[in-house]
Amino acid sequence: MNTMDNECLGCGASLKYNPNTNSWICEFCRKEYTIDMLKTNIDKYNNISVNELDEYECSNCGAKVVSDKSTSSTTCIYCNSSVIIKKRLIGDFKPDYIVPFSNKKEDIAGKFIEHLKGKFLCGKKFANKKNIKSITSLYVPFWLVSCDVMGRVKGNLFGDDYNRGTYNRLGVMKLVDVPADAKSNLDNNLLKSIMPIDYSKMVNFEYPYLAGSYAEKFDLDKEDVYKEQIKEEIREIVIKELTGTVRGYNNGVGGNIENVDIHINKLNYKYVLVPIWFIKMEYKGKEYEYCINDSTNKIAGTYYVDKGIRNILILLAVLVGALILPFIQDELMFMMFVYIFSMVIVIYSIINSYSLKTNKKNQSIYIKPGTFKILESNNVDFF
């Protein structure tokens, strides 16, 4: 047995997973199966040896993809080069949970194009299905980390040109299922920007869910993701929550942080496969890559900015300034130039916001309700 296969219990043909019904359908005799009905096949996979699963390694870029028979491919999903070699998705590499795909390829393509149409700076020509080079469904390995946290943040507040005071906050909280991707060859910032995962769709891992999609094994273990991702993520959460209790820090006065001290205890890890769509667009000789969280339909990537639309917006800002110019007094001429310059800066800021890879994160969702408490809160001394 060289590959993992989901076989129809009636005719022996391969089964294909249907995300709309959370079931498996035989494409030959059309019989439909639930996960409980496939226990015979699942037990067979649980007992296979380490040499009985296929892993394809790209000789060009080194990416490794584990798949069953129905999803084997002769090309690398990253660089389109030929790939060949073996390994396994069992033992330490067997996930605890999986979030099954819930969208079909054609549905994702439609949602993605509608998303691009809402980005008016991209232009109509870019937001066209013809520009889609590839759409790949990939189960990306993630570690979900839960822990207890105690943190202290010290800093000061300031006004425009003088110091306003100091603050000191000590607090505790419990964090639950903070995600960290476990693949070193994927864009960590891009994946973080399409979080969180819809945990309500998460189920115990079973091999039949892999039918029809690629699945990667992790190459970053628990210690790796803790050092490279989780520590910084927890630090950001602690700072955000504690400074959020300081009057003046987030309401226009502003401030800076002098010291952050964090203690993390009772670390617990879950290994889960998360359904992510990877889309490659090709337009005017340049490639644009996007990823979509299948469980939430959240999209992130680098967007094309139509030069014609950009130039029109800048020209409009200059024209508005030119039309107003004759009606103002000479001493206000300088202010008019400042206005025009400011409008151009604003337009460029809007353009840049379209091409950013990352989205705003709501990290507070990882705090278990009722566990965030302030243990020490020094009053701000204004002077």
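Residues are numbered from 1 along each chain as its sequence is written, and side-chain values use heavy atoms, with hydrogens and water left out. Because the model is predicted, local features need pLDDT of at least 70 and side-chain atom pairs count only at pLDDT 80 or more, while totals for chains, interfaces and linings use all residues.

The description starts with strands. Helices (H or I, at least four residues) and strands (E, at least two) are DSSP runs, numbered from the N terminus. Two strands are said to pair if DSSP finds at least two bridges between them. Strands of a sheet pair through backbone hydrogen bonds, either parallel or antiparallel.

Three strands form an open sheet in the order β1-β2-β3, and their pairing is antiparallel. The strands β1 (15–18) and β3 (32–33) stand at the edges with a single partner strand each, so one side of each has no neighbour in the sheet. Between β1 and β2 there are 4 bridges. Strand β2 (residues 23–26) is joined to β3 by 2 bridges.

Individual residues show how this sheet is put together. Trp24 in β2 stands opposite Tyr17, and Trp24 also stands opposite Tyr33 in β3. Ile25 in β2 is the bridge partner of Lys16, and in β3 the bridge partner of Ile25 is Glu32. On β2, Ser23 and Ile25 point one way, whereas Trp24 and Cys26 point the other way, and all are buried. Here buried means under 20% relative accessible area, exposed means over 50%, and partly exposed lies in between (1.4 Å probe, protein chains only). The hairpin of β1 and β2 has 4 residues between the strands, and in this hairpin Asn22 takes a positive phi near 55°.

The next element is a helix. Helix α4 covers residues 222–243, and its 22 residues should span 32 Å at 1.5 Å a residue; the end C-alpha atoms are 29 Å apart, which agrees. The expected span is 1.5 Å times one less than the number of residues. At Gln229, α4 bends by about 40°, where the bend is the angle between axes fitted to the seven residues ending at a residue and the seven starting there. An α-helix has 3.6 residues a turn, so residues three or four places apart point the same way. The buried residues of α4 include Val225, Gln229, Ile230, Glu233, Ile234 and Ile237.

Gln229 and Glu233 also belong to the lining of the second largest cavity, together with Pro179 and Lys192. On a 1 Å grid over the protein atoms alone, a cavity is a set of points where a 1.4 Å probe fits but cannot get out, and lining residues have an atom within 4 Å of a point.

Several backbone details occur in loops. The peptide bond from Met195 to Pro196 is cis, with omega near 15°, and Pro196 lies in the loop between α3 (188–192) and β9 (203–204). Lys284, in the loop between β11 (255–283) and β12 (286–293), has a phi near 50°, a positive value in a residue other than glycine. Lys284 counts as exposed because its relative accessibility is 66%. Asn297 is found in the loop between β12 and β13 (299–301), and its phi is near 65°, also positive. At 32% relative accessibility, Asn297 counts as partly exposed.

Lys94, in the loop between β5 (64–67) and β6 (97–98), is partly exposed at 28% relative accessibility. Lys94 and Phe218 are 124 residues apart in sequence, with 9.8 Å between their C-alpha atoms. Asp177 is part of strand β8 (residues 163–181) and counts as buried at 8% relative accessibility. Asp177 and Tyr199 are 22 residues apart along the chain, and their C-alpha atoms are separated by 9.0 Å.

Conventions
1 Å grid on protein atoms, 1.4 Å probe; cavity = no way out; pocket = protein on both sides within 12 Å on 5 of 7 lines; lining within 4 Å.
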